[in-house]
Structure formats: structure tokens, C-alpha cells
Amino acid sequence: MKKFSIYMMSFFLAAGFVACDDTFEEDYNDDVAAPQSYTEDGTYGTTFTVSESNGGVVDLRTADTDVSLFSVTAIPEYTAAEGASVTYRALLSQTDDLADAKELTLAANGTSLSLPSADLDALVKEMFGKEPTERTVYARVMAAATDVNENTLSLGSAVKTLTLTPNMRTIAASYVINGSVTGDEDLAMTHSSSSVYEDTSFSLMFEALEDAQSFLIISADGTQTLGAASGSETATEGTLVETGAQAITLGDAMWYKVTVNMETLEYTIEAYDMTPEVYVPGNHQAWNPATAPMLKTPAMDGIYTGYLYLDGGFKLLAKPDWGATQYHFGNVSGVSDNISGDGENFTIAAGFYQLVYNLPTNTLEATAFEWGLIGAFNGWGSQTNMTWSTDEGCFVLEGVELPVGELKFRGNDSWDYNYGGDLTNMSVGGANIAISEAGVYTVKLFFDADGTVRATFDKTAELPAPTSTEQ
């Protein structure tokens, strides 16, 4: 009879034996015969049923270190007999057909099957992202049972449904800084275009006009007030709290950048000795700080922008003086691909560029620019490019025939970069420039060292007479 028992077990193995709720799940493996019972020589009838613990609902924000997910019936011959064992694993998927299922090992404690909450949380976030909303996860419990004769039996449950909420604090769509440093008005913190759960960083650069001014961080919907824990109100880094939040107090009157990770509530406060402009001395103007072109930050957000001609080496200065703070190739965090280094100097191929220095990230980017005219004279199509003159320090377009009408200056054939308005001090996106007298013109476009953008139109001749087509 012992031999019969061994033969029967071998039959179950060869068939890929699977058992489940209601003893057996027909649609899990149509080729497998339903389990049979036998009792001879220490082997017993096999049963295997699984149900979701707590209705399958788990909020991982409040869960214990280990989470009970399933309850399973005992498999006597594998759990009670000496030398026998059962191991469990879960197949977890976003779809009920278990496509692309992820596998995790379950720990058995009596009839309870559990997972570390950290592992389950990581899996849910991998599947759905971090937003703390209920997610439906489909699961099948698999058991691998080994009897006293070292025969192994594979068992699988029916598909179960779990409702899981990832462990993540609720992040508001936007936040403001408010306090004495803002005159008790709201200053909106900046955030990228990504979801607040993909990019959890919020920041703001602002100026403290007086010493020891303070602030709190408040969600725009008013549901969250974040500040320092009591006793750490002057700390320049740490972890914000929501309960019992204290106003954070700054130091001297100067510029500050506050950055907060809204997932962990860790924050940093950086102080900046910031000026409205930085200066760009270099080979393009004989390395003279006093006459160096400027990059400006109109929004005072620490992002300095300007247009200028460069020819080889250059540096950035906080003031037009070699004794001022320098930003150079040796101390910035990153540069665009077209900028290299020669010792401490930046170097770049000769050309006209837009330079953008980002003080908060300490990075420098250069973009080559072509400037031209676009308007009624060329059908408002592609711009008619101008030529840079190093002798005159401006873009020049000679002999252009302009009828009465309107035009503008445009950069890199993009309306993102256009100037118009008053020719002595043009503005980005300014009004169309009117040509009131038709003629042949020499047009010059200047980007002055102080950031002024201006233009001149000099009429040099009348338009040629139309050519007659009469025979």
C-alpha cells in the first residue's frame, strides 16, 4: 500500500497538481484532474482554501510592520507531519488575468499569510505611483508543499482582490509661504509640471528685507500648516511638522531659498548674497569688468538671462569688479554641452548666445542665436536673418526693401523670442514696429551691455520702380 501511495503522489506531480478554494479551481489549469484523497501510510486528504484578511483592505499609511493579507486552511500532512513543509508566495497584478504579475514570498504564522508592509508598499507604488488613493490589486496565493517522502505538490488559490492604499502623506497641489518676511501675504512656492507625487520638491527664492523675519508654509487649500518643531525654529535644515508647527525664523536681511520635500517634509534654507545682475567679462571685451555685459534676473528668482557675443574665455562676476564673487568653470555645478573649461575660465566657440545662469542650481547654459526681421515685407513667414558685426557690436541687415507695413525682430525663427515696441528700448513681445515710409534700409539690432535691446532703421534709397511686364 505504501508503493500505491507513492505512485499516487507521483501522478499528482506529473499532472502539475493544483488545488484551491472549493477544493479545486477548474479554470486555473484545465489539464489537471481534481485532487483525490488518500490516507494510507501517513498521507492524508488534501484541502486548500484561501480568503482575504480584513476583506482584503489595507491602508499602508497605518499598517503594522507586517501585514496579514490572507487566511489559509491548514494542509495537515504538510504542516503537522515531521519532515513535511509548506511555503507560500503571492502573485500580484493590476489585472485579474494576472498579466505581468509580480511575485512576493509570504510568511506563514499558523493560518495567517503576511508580507512586510514596506515590500507591499514598494510594489503598489511601482504599479500605480505614490498618490495615497485606494488601488485594486489582484492576487493568487501559491503553495509549494513537500511531504515526508519529499514529494512536492503545487497548490494555487482562486484570484483574490485586494484594496491597497500606499504609504504616502497627502500632498496639496500648491503651497505658499506666509509670515513677516512676506508682509503676511501669500507667496506661491514653485513646482515643476510633473505630478506632486512624482516630483515632491517645492521651493521659493525670496528676499528678507529685515533681520530675523519668519514664515510658515501653508497649503493653498488651507488644510496644512507646516513649520519647525518647537526648539528648532532657527534651524536651516531639518524636518517640518504639521502638528504644533512653529514659525521658522531667518537670519540677516538677504535673499533666501527654501526647498521642501513634501513626501518626507525635510527642508533646507540657503542664503544668497544676490544682486539684480551678474557681469560677464571675457575675451569678447578684453576682460574688463567695468564694461562687461550683464545678465539680469527681473523676477529676482536667481535666474539670470542675457544676450551677448562671446569669443573664447569668460567668467561671471557678482559685481563689475575682480574682487567680487566669481562664478567660473571651477565652481559651478554644471554647464551646457557647448561650454568647456580652460582652468577656471569658461570657454565657448565665437558666436552670439543667450546665456542663462541659474544661481539656485549653480548651472550655466548657452544657446546659440540667430536674429532677424519678420513682417509684411516677407509675408510674416520665416525670419530674414541678420549678420553679426564684431566691428559695430550689433546685428546688421543691409539693403533690405521694406514697404509700408509692420515688422518685428525674432530669434531662432521662434515667436518665443521676439522684440518690438520703442526702438530705443524694445521689450520681449513688444508691439509691432511700423514702417511708415517705404524704402531700402540698413537695419541694426543692438544688445547693449546694460541689457537694453534697441534698433535703428536708416533709409538708404527709394524702392526700385516696378518692372513693366507690358509687351
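First, a word on what we are looking at. This is a predicted model, in which local features need pLDDT of at least 70 and side-chain atom pairs count only at pLDDT 80 or more, while totals for chains, interfaces and linings use all residues. Residues are numbered from 1 along each chain as its sequence is written, and side-chain values use heavy atoms, with hydrogens and water left out.

Now the overall picture. The protein chain has three helices and 37 strands; these are DSSP runs numbered from the N terminus, with helices being H or I of at least four residues and strands E of at least two. Of its 471 residues, 44% are buried, where buried means under 20% relative accessible area, exposed over 50%, and partly exposed in between, with a 1.4 Å probe and protein chains only. Contact here means heavy atoms within 4.5 Å. Among contacts between residues at least 6 apart in sequence, 62% join residues at least 24 apart.

Back to our opening pair. Strand S31 (residues 394-402) pairs with strand S36 (residues 439-447) in the antiparallel sense, over six bridges; two strands pair if DSSP finds at least two bridges between them. They belong to an open sheet of four strands, ordered S30-S31-S36-S37, with antiparallel pairing. Strand S30 (387-389) and strand S37 (453-461) each have a single partner strand, so one side of each is left without a neighbour in the sheet.

Here is another open sheet of four strands. Its order is S12-S17-S18-S15, again with antiparallel pairing. At its edges are strand S12 (201-207) and strand S15 (237-239), each pairing on one side only. Strand S17 (residues 255-261) and strand S18 (residues 266-272) run antiparallel and are joined by seven bridges. In S18, Glu-266 stands opposite Asn-261.

On to the aromatic rings. A pair of these is described by the distance of the centres and the angle of the planes. Rings of Phe, Tyr and Trp (its six-membered ring) pair if their centres lie within 6.5 Å; planes under 30 degrees apart count as stacked, over 60 as edge-to-face and the rest as tilted. By this rule there are 25 aromatic pairs. Take Tyr-307 and Phe-369: their ring centres are 5.3 Å apart and their planes stand at 80°, so the pair is edge-to-face. Tyr-307 is in strand S21 (residues 303-314) and Phe-369 in the loop between S27 and strand S28 (371-375), so the pair ties together parts that are 62 residues apart in sequence.

Tyr-307 also forms an edge-to-face pair with Trp-371, at 5.3 Å centre to centre and 85° between the planes. Trp-371 lies in strand S28, so this pair ties together parts that are 64 residues apart in sequence. Both Tyr-307 and Trp-371 are buried. These residues are part of one aromatic cluster, whose members include Tyr-307, Phe-369, Trp-371, Trp-388 and Phe-447.

Last stop: where does Asn-362 sit? Asn-362 is in the loop between strand S26 (345-358) and strand S27 (363-368). At 18% relative accessibility, Asn-362 counts as buried. Leaving out residues up to four places away in sequence, Asn-362 touches Tyr-327, Asn-331, Val-332, Ser-333, Gly-334 and Tyr-357.
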